[in-house]
Amino acid sequence: MKKKLFSTVMILGTLALAACDSITTEDQANNGSSSNNQETVEIDLLGAAADEKDLNILRDQLTRNGFEVNVNQQPDYASYRAQRDAGNFDVSIASWTTVTGNPDYAVRSIFTSDGDSRVIEPNTEIDELINQAAAQTEGEYTETYNQLENELVTENAYIAGLYNSLKAQAFDKDLINPDSVNLYKSRAFAWDPVSFNDEAMNDSETLVLTQMESDLTSLDPIKGNDSSINQLNTNMYVRLVNLTEDDQVTSDASLSYNHAIAEGNSDYYFILRDDINFASVEDGQAVDTGERVGADDVVYSLDRASDPESVPDQRTYSLHEYINEVSVVDDLSELETAELADGNTTVKEALEAGLDTPINSLVTDKTQADSATGNYQVVKLTTTEPFPQVLNYLAHQSAGIVSEQQVESVNTYDIDNYNVDTDIAYGDQRAVTEGDTYDNHLYASGPYIMIAKNDYEATFQKNPAYMTDTENAANIENITVRFIGDMDSALSALRSGEVHLLYGLSETQYEVVEGEENLELQTGDSNAVSYLIINTMNEDRKTAGSVDLRKAIVHSINQEDFIQSYDGQKKKAFSPVSPLVDTGNELEANADLVQDHLSKYLEQAE
């Protein structure tokens with residue numbers, strides 16, 4: 001059922017931006033605050049310097065509704081997180097981007113009682129709803145996420161959405177073929193489809209991209225999940241499945257020809273390609289190792305991804321904890337008898353769909369796989385419980401396939417006595433950094449491999465044994481990723497031709513790009529949501545002990561103010577789920593409800 005926080009406040013006239021970016025309606029400008037003469041309530045509002053506009057808007061909205069707001073604006077993100085982690089706030093601006101394209105990622109880590117990024121007090125009903133939705137298919141879970149959102153926002157007022165941002169990138173269309181550049185809602189930018197307009201340049205010229213961070217968490221897929229490595233690892237390691245531009249799970253350009261979900265939503269099958277070898281680096285060049293990427297590497301990679309103790313500082317276990325077992329299928333009759341979840345056909349028929357040669361036999365030795373003769377490898381993944389959204393996590397860079405042989409040859413340290421200062425693990429950036437530590441040990445299963453990096457840039461070269469002679473082979477031979485920490489500087493580099501494509505522009509940069517004849521701006525929906533955390537984690541905070549106070553805060557928020565302040569380049573969001581599932585929930589300001597809940601809070605406080 002569609003539920004709304006119904007508004008009784010009409011915005012009259014045009015919203016005016018003051019010097020401090022605050023927004024006031026004409027009615028409020030003429031008649032003062034919308035609050036009555038009720039006693040004001042003091043609250044602390046936390047944000048970072050980058051949130052200055054949003055902090056000003058929130059401050060003014062809350063002030064108009066009877067709050068006395070103390071703004072705590074921290075100079076950088078690290079300082080902000082220190083304050084937030086310490087619980088030094090009543091209300092805090094936060095953001096969340098669902099990089100896997102599925103709603104479970106949007107809620108599990110931050111809202112479950114055992115979530116590793118939890119921002120609300122433990123709540124068993126919310127836990128149950130999240131787990132219920134996880135076991136459902138896309139056609140079933142909309143109502144469950146509707147209920148979840150209402151528990152989060154309407155009933156408990158733990159959080160409140162502010163807006164959903166767009167995603168944007170710009171490139172030199174005189175140099176790069178616009179038809180080869182994709183803008184993905186969730187997936188990190190894929191390099192392999194990109195081509196110069198003059199295709200002869202693909203072999204001779206270097207494509208120059210950017211990213212802000214130069215300090216790389218790790219080039220081992222399971223040891224990082226942040227903006228320093230997401231784009232890099234996405235392009236260095238192939239996965240069992242991918243995400244399309246609009247977040248649909250696909251086998252296209254992945255390690256599998258096809259995938260299938262068996263009846264019960266707990267068993268998942270993948271039929272593997274046989275035309276990808278690992279690449280390594282010799283004498284500064286990418287070379288074919290001769291080692292095929294096969295089922296044993298898939299089993300090894302996903303076993304270590306689902307094991308929190310597989311490596312020191314395993315940072316992506318929460319994405320893969322639903323994996324129970326990964327195995328190589330050797331009995332063809334299993335595929336012939338297993339039915340699809342939709343009951344329309346068998347797993348074997350689904351895996352064979354579109355193949356030039358049907359399945360004649362299954363092999364466990366990857367060197368014996370030969371799709372031309374119908375000898376295939378099939379991997380089966382079983383989840384701990386029904387969980388269709390596991391496929392989205394398998395499309396994430398942390399599920400990238402690594403070489404068991406190579407990783408084990410590098411990770412010879414004792415895990416219990418691992419010393420980050422002296423032990424260089426697989427994927428450590430020190431192994432690819434120019435200088436005395438350079439000893440490139442990477443084995444890439446994806447379309448590119450990193451050759452080297454320094455403080456200014458990282459260089460990549462095409463994997464010479466990645467789906468060669470297919471439409472999925474990478475087009476451009478050499479790619480350089482420049483490390484430019486400031487987005488305005490990165491835009492200047494794009495305009496001057498030093499950089500060819502800029503990923504992740506802000507709304508304030510759109511007009512600049514549109515003013516350049518040679519540049520093309522691409523914009524689209526994203527899964528990035530800005531929202532408020534209302535403190536229930538620190539019991540010393542007044543918000544922790546009063547749902548009425550929290551509801552008064554939620555009903556004070558007018559999302560139209562934010563959208564207009566960003567010139568319409570934002571969308572409404574009820575929660576981090578909003579960009580992923582159309583639950584029908586909307587947040588609307590209601591000054592009368594604010595006063596009602598504030599009155600109840602003050603009565604209880606006396």
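**A pocket, a cavity and a hairpin**

The second largest pocket has a volume of about 590 Å³, in a model that is predicted. Its lining is built from 26 residues, and those lying nearest the centre of the pocket are Glu138, Gln248, Val249, Pro388 and Asn392.

Pocket lining

- Sorted by class, the lining of the second largest pocket comprises 11 nonpolar, 10 polar and five charged residues.

Second largest cavity

- The second largest cavity has a volume of about 70 Å³, and the residues that line this cavity include Arg187, Asp192, Arg239, Pro447 and Tyr466.
- Thr234, Asn235, Tyr237, Val238, Asn242 and Ala253 also belong to the lining of the second largest cavity.
- The lining of this cavity divides into five nonpolar, three polar and three charged residues.

Strands β18 and β19

- Strand β18, which covers residues 448-453, is mostly covered, with six of its six residues buried.
- β18 runs antiparallel to strand β19 (residues 457-462), and the two strands are joined by five bridges.
- Within this pairing, tyrosine 448 has lysine 462 of β19 as its bridge partner.
- Together β18 and β19 form a hairpin, in which three residues lie between the two strands.

Definitions and conventions: Residues are numbered from 1 along each chain as its sequence is written. This is a predicted model: local features need pLDDT of at least 70, side-chain atom pairs count only at pLDDT 80 or more; totals for chains, interfaces and linings use all residues. Side-chain values use heavy atoms; hydrogens and water are left out. On a 1 Å grid over the protein atoms alone, a cavity is a set of points where a 1.4 Å probe fits but cannot get out, and a pocket is an open set with protein on both sides within 12 Å along at least five of seven lines; lining residues have an atom within 4 Å of a point. Grid points are joined across faces, edges and corners, and a volume is the space filled by probe spheres set on the points. Ala, Val, Leu, Ile, Met, Phe, Trp, Tyr, Cys and Pro count as nonpolar, Asp, Glu, Lys and Arg as charged, and the others, Gly among them, as polar. Buried means under 20% relative accessible area, exposed over 50%, partly exposed in between (1.4 Å probe, protein chains only). Helices (H or I, at least four residues) and strands (E, at least two) are DSSP runs, numbered from the N terminus. Two strands pair if DSSP finds at least two bridges between them.
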